[in-house]
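Have a look at the fold before reading on.

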Amino acid sequence: MRAAVSRLPESALASLREAFKDEVSERLPRLREAARTLDPSLLGDALRDVHTLGSSAYVVGENQAAVTARAAEAVLIDDGPLEMFAGLIADLDKHLCDWVR
């Protein structure tokens, strides 16, 4: 993925980064709340948010964040331990906090 991204014009990369900032700023607070409360009513949106951030993170070269997001997604899909989900979101937050507006 990095090779493909590195071939993009700088203006395109800047646009992708700005869009990613918007995604993180919108989705990460919801994920934090879902992880903090483990409220079942928030976990459906959390699944969508973590999936989207995982994909978008790869695009901007945030590979570790993408891997972490995919792991959190797998926990939700597989009905894994929610405490594990919460820990993964804490890790994701560390990777992405600098992207929040």
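Which residues in α3 meet which residues in α5? On the α3 side you'll find Leu43, Ala46, Val50 and Leu53, and they meet Leu82, Phe85, Ile89, Leu92 and Leu96 of α5. Sorted by class, this contact has nine nonpolar residues, no polar ones and no charged ones. Bear in mind throughout that this is a predicted model.

**How the helices pack**

Two packed helices are described by the angle between their axes and the distance between the axes. Here are those values for the pairs in this report.

| Helix pair | Angle between axes | Axis distance |
|---|---|---|
| α2 (residues 10-37) and α3 (residues 40-59) | about 145° | 9 Å |
| α2 and α5 (residues 82-96) | about 150° | 10 Å |
| α3 and α5 | roughly 40° | within 13 Å |

Take α3 and α5 to begin with. Their axes cross at roughly 40°, so the two helices are oblique to each other. The crossing of α3 past α5 is left-handed.

Now for α2 and α5. With an angle of about 150°, these helices are therefore roughly antiparallel to each other. α2 passes α5 in a left-handed crossing. From α2, the residues involved are Phe20, Val24, Leu28, Leu31, Arg32, Ala34 and Ala35, and they meet Phe85, Ala86, Ile89, Leu92, Asp93 and Leu96 of α5. By class that gives 11 nonpolar residues, no polar ones and two charged ones.

That leaves α2 against α3, where the crossing is again left-handed.

Is Arg27 buried or exposed? This residue of helix α2 has 12% relative accessibility, so Arg27 counts as buried, the cut-off being under 20%. Its side chain makes a polar contact with the side chain of Asp49, at 2.5 Å. Leaving aside residues up to four places away in sequence, Arg27 touches Arg48, Asp49, Thr52 and Leu53.

**Two loop residues with positive phi**

Most residues other than glycine have a negative phi. Which residue in the loop between α2 and α3 goes against that? Leu38 does: it isn't a glycine, yet it has a positive phi of about 55°. Leu38 sits in the loop between α2 and α3 and is partly exposed, with a relative accessible area of 22%.

Asp79 lies in the loop between α4 (63-77) and α5, and with a relative accessible area of 70% it is exposed.

Terms used: Residues numbered from 1 in each chain as written. Predicted model: local features only at pLDDT ≥ 70, side-chain atom pairs only at ≥ 80, totals over all residues. Heavy atoms only, no water. Axes fitted to C-alpha atoms, helices over the stretch in contact; angles between N-to-C directions. Helix = DSSP H or I, 4+ residues; strand = E, 2+ residues; numbered from the N terminus. Left-handed = near helix turned anticlockwise from the far one by under 90°. Parallel < 35°, antiparallel > 145°, perpendicular 65-115°, else oblique. Contact = heavy atoms within 4.5 Å. Nonpolar A, V, L, I, M, F, W, Y, C, P; charged D, E, K, R; others polar. Buried < 20%, exposed > 50% of the residue type's maximum accessible area, 1.4 Å probe, protein only. Polar contact = N/O pair within 3.5 Å; in protein donor to acceptor, adjacent residues only side chain to side chain.
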